[in-house]
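Visitor: I am new to this structure. Please show me how to read it.

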Amino acid sequence: KGAYLGKTVQMIPHISGEIVDTIVRMGQVPTDGSSVKPQICLIELGGTVGDIESMIFLEALRTLRYQVGHENFCLLQCSLIPNMGGVQKTK
């Protein structure tokens, strides 16, 4: 029912577990109109790594990698490095 029930809710494992469960559930939903489950699930985690706001999502992905096995999980980090006046700028 979504009631509080007086129990303690912790970021790890409760919230991160819900994030993992949502990723797994949504990763099994066909997106092409067929009834065939997708073979891959692509997740974009935006923001800046190290920001406290994204830590719970990074923990969820770490947990998911452990659950599905490292051979079934690929983590790719992309960074924008703008070229301003011939000089590459980073944060």
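Visitor: What do the buried residues of H2 pack against?

Guide: The buried residues of H2 pack against H1. Helices (H or I, at least four residues) are DSSP runs, as strands (E, at least two) are, numbered from the N terminus. Buried means under 20% relative accessible area, exposed over 50%, partly exposed in between (1.4 Å probe, protein chains only). This is a predicted model, in which local features need pLDDT of at least 70 and side-chain atom pairs count only at pLDDT 80 or more, while totals for chains, interfaces and linings use all residues. Residues are numbered from 1 along each chain as its sequence is written, and side-chain values use heavy atoms, with hydrogens and water left out.

Visitor: Which residues of H1 are buried?

Guide: An α-helix has 3.6 residues a turn, so residues three or four places apart point the same way. In H1, the buried residues are Ser16, Ile19, Val20 and Ile23, and they pack against H2, residues 55-68. In H2, the buried ones are Ile56, Glu59, Ala60, Leu61, Thr63 and Leu64.

Visitor: How is the packing of H1 and H2 described?

Guide: Two packed helices are described by the angle between their axes and the distance between the axes. Here the axes of H1 and H2 come within 9 Å and cross at roughly 65°. Axes are lines fitted to C-alpha atoms, for helices over the stretch in contact, and angles run from 0 to 180 degrees between N-to-C directions. By class, the contact of H1 with H2 has 12 nonpolar, 3 polar and 1 charged residues. Ala, Val, Leu, Ile, Met, Phe, Trp, Tyr, Cys and Pro count as nonpolar, Asp, Glu, Lys and Arg as charged, and the others, Gly among them, as polar.

Visitor: Is Glu59 buried or exposed?

Guide: Glu59, in helix H2, is buried because its relative accessible area is 18%. Setting aside neighbours within four places in sequence, Glu59 is in contact (heavy atoms within 4.5 Å) with Ile12 and Ser16.

Visitor: Which residues make up the largest nonpolar core?

Guide: In soluble globular proteins, nonpolar side chains tend to be buried together. The largest nonpolar core has 8 residues in all: Ile19, Val20, Ile23, Ile56, Ala60, Leu61, Leu64 and Phe73. Such a core is a set of buried Ala, Val, Leu, Ile, Met, Phe, Trp, Tyr and Cys residues joined through side-chain atoms within 4.5 Å. H2 gives the largest share of this core, 4 residues.

Visitor: What does Phe73 touch?

Guide: Not counting residues up to four places away in sequence, Phe73 touches Leu61, Leu64, Arg65 and Val68.
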